[in-house]
Amino acid sequence: METYLSEKNGKRLIVLCWLAYTTAYLGRLNFSASLVEIIDSFGTTKAAAGLVASFFFFAYGAGQLINGFLSRRYNPRIAIAAALTVSAALNVAMTFAGGVAVMKYIWLCNGLAQSVLWSTLIHTLGVSLPGNMLKRAILVMSTTAALGTALSYGMTALAITVASWRWAFYVSAAILLAVAAVWFTALPRGVAKGEGQRHAKETESGKKVRLTPVFLFELAILLLLAIFTNFIKDGLTTWTPDILFSMYSLPKALSIILTLTLPLIAVSGAFFSVRASKWIKNHVSLCGLFFAIAFVATGALFLLINYGGWILTLGGFALTVCAVSAVNNVITSMVPLAWRDRLDSGFTAGLLNSFCYIGSTLSSVLLGLLADARGWNGVFVLLLLLTGIAVLVCAVTAFMRTHGKKEGENRVG
């Protein structure tokens with residue numbers, strides 16, 4: 001027996017999940033958006049400042065593993081509201097830190113608090129919505145990262161222009177608290193009580209899945225691609241303001257505002273991934289298509305970097321981020337909900353997202369170290385190498401899958 005939320009309550013749940021996760025980005029990316037200003041304010045190095053973001057990503061990724069397991073046991077009304085409230089308090093604490101040495105531990109705690117969100121939201125959607133609403137949920141949730149990033153960078157640029165970088169944290173805290181209150185009061189009652197959710201034991205509530213070698217192999221490839229995609233996506237988002245400032249001498253606030261084009265264009269990547277999935281059913285092959293686009297964009301940028309200005313550089317970054325954002329949507333949204341009859345969607349979302357944030361953790365500090373040691377050209381070479389490896393992995397996987405099918409057909413024949 002399967003029971004779901006009504007269409008009206010299902011739509012409300014989708015909107016609330018979108019609101020909670022989109023605004024969460026205000027309280028996690030405001031540090032990255034303020035990076036140039038904070039580096040100047042405390043007179044620190046890029047590597048030391050990047051370590052703060054890496055502490056967040058490490059805690060967020062590790063927390064995803066834990067919360068992926070536990071999300072089915074949470075009361076979503078309480079868990080999401082509490083996570084947003086704690087994140088708001090930690091954002092305020094950042095304004096009292098005397099330097100990045102203290103900030104990294106505050107941001108570590110923020111990563112742990114926000115790690116509750118994604119797996120809990122995806123699990124809640126997975127067990128609450130009928131199949132005909134899942135595609136809508138995937139499409140809506142796929143816009144959260146891009147729009148949240150745009151809101152965070154836009155708000156931070158305004159705060160720095162009008163007041164100081166500290167106001168980026170004050171405003172984020174206020175918005176997070178407001179959304180926590182909205183979530184707690186507006187969430188359909190059936191969701192919190194477990195009513196209107198799917199109770200079939202063979203699916204979300206704990207089906208014993210047959211973990212075939214083919215299934216495990218595809219999962220392993222997706223985990224590897226998850227690391228690559230967030231290394232590239234979050235690395236570019238974190239360091240683009242500094243690249244525009246240091247390479248082209250653009251004003252700090254303008255550098256942050258221009259970086260808004262990356263997440264805004266990345267929204268289209270999420271739509272492209274959903275559209276392309278109609279023709280390319282396999283998730284790894286779908287990721288391979290968009291990594292190929294990122295490889296071409298990064299390669300063209302590397303070849304032309306000395307012949308163009310900041311517009312060319314920003315355009316190349318935008319196309320690359322758009323492509324890897326499409327990959328991110330496939331891995332973190334489409335796969336968990338598509339596999340909900342095999343594995344608990346909260347667990348799958350937590351597992352895949354935790355590997356995404358391994359890439360995020362590595363990107364913030366490694367790209368900062370590489371920029372300090374080799375300059376930004378060294379960063380471009382690394383990004384080109386990573387996109388190339390990702391394309392190769394996807395191509396080899398597609399060949400193995402096709403070759404395996406042919407061998408099976410020959411045996412049958």
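The largest pocket comes out at about 330 Å³, a volume being the space filled by probe spheres set on grid points joined across faces, edges and corners. A pocket here is an open set of points on a 1 Å grid over the protein atoms alone, where a 1.4 Å probe fits, with protein on both sides within 12 Å along at least five of seven lines; lining residues have an atom within 4 Å of a point. The model is predicted, so local features need pLDDT of at least 70 and side-chain atom pairs 80 or more, while totals for chains, interfaces and linings use all residues. Residues are numbered from 1 along each chain as its sequence is written, and side-chain values use heavy atoms, leaving out hydrogens and water.

Thirteen residues line the largest pocket, with Lys135, Ile138, Ser277, Met334 and Ala338 nearest its centre. Helices α8 (131–141) and α16 (310–338) each supply at least two residues of this lining; helices are DSSP runs of H or I, at least four residues, numbered from the N terminus.

As for aromatics, the whole structure holds 13 pairs (ring centres of Phe, Tyr or Trp, the latter by its six-membered ring, within 6.5 Å; planes under 30 degrees apart are stacked, over 60 edge-to-face, the rest tilted). Phe31 and Trp107 make a tilted pair, with centres 6.4 Å apart and planes at 50 degrees. This pair links helix α2 (residues 26–33) to helix α6 (residues 100–114), 76 residues apart. Phe31 is buried at 0% relative accessible area, and Trp107 is buried at 1% (buried is under 20%, exposed over 50%, partly exposed in between, with a 1.4 Å probe and protein chains only). Phe55 and Tyr105 pair edge-to-face, at 5.7 Å and 85 degrees. Tyr105 is partly exposed, at 48%.
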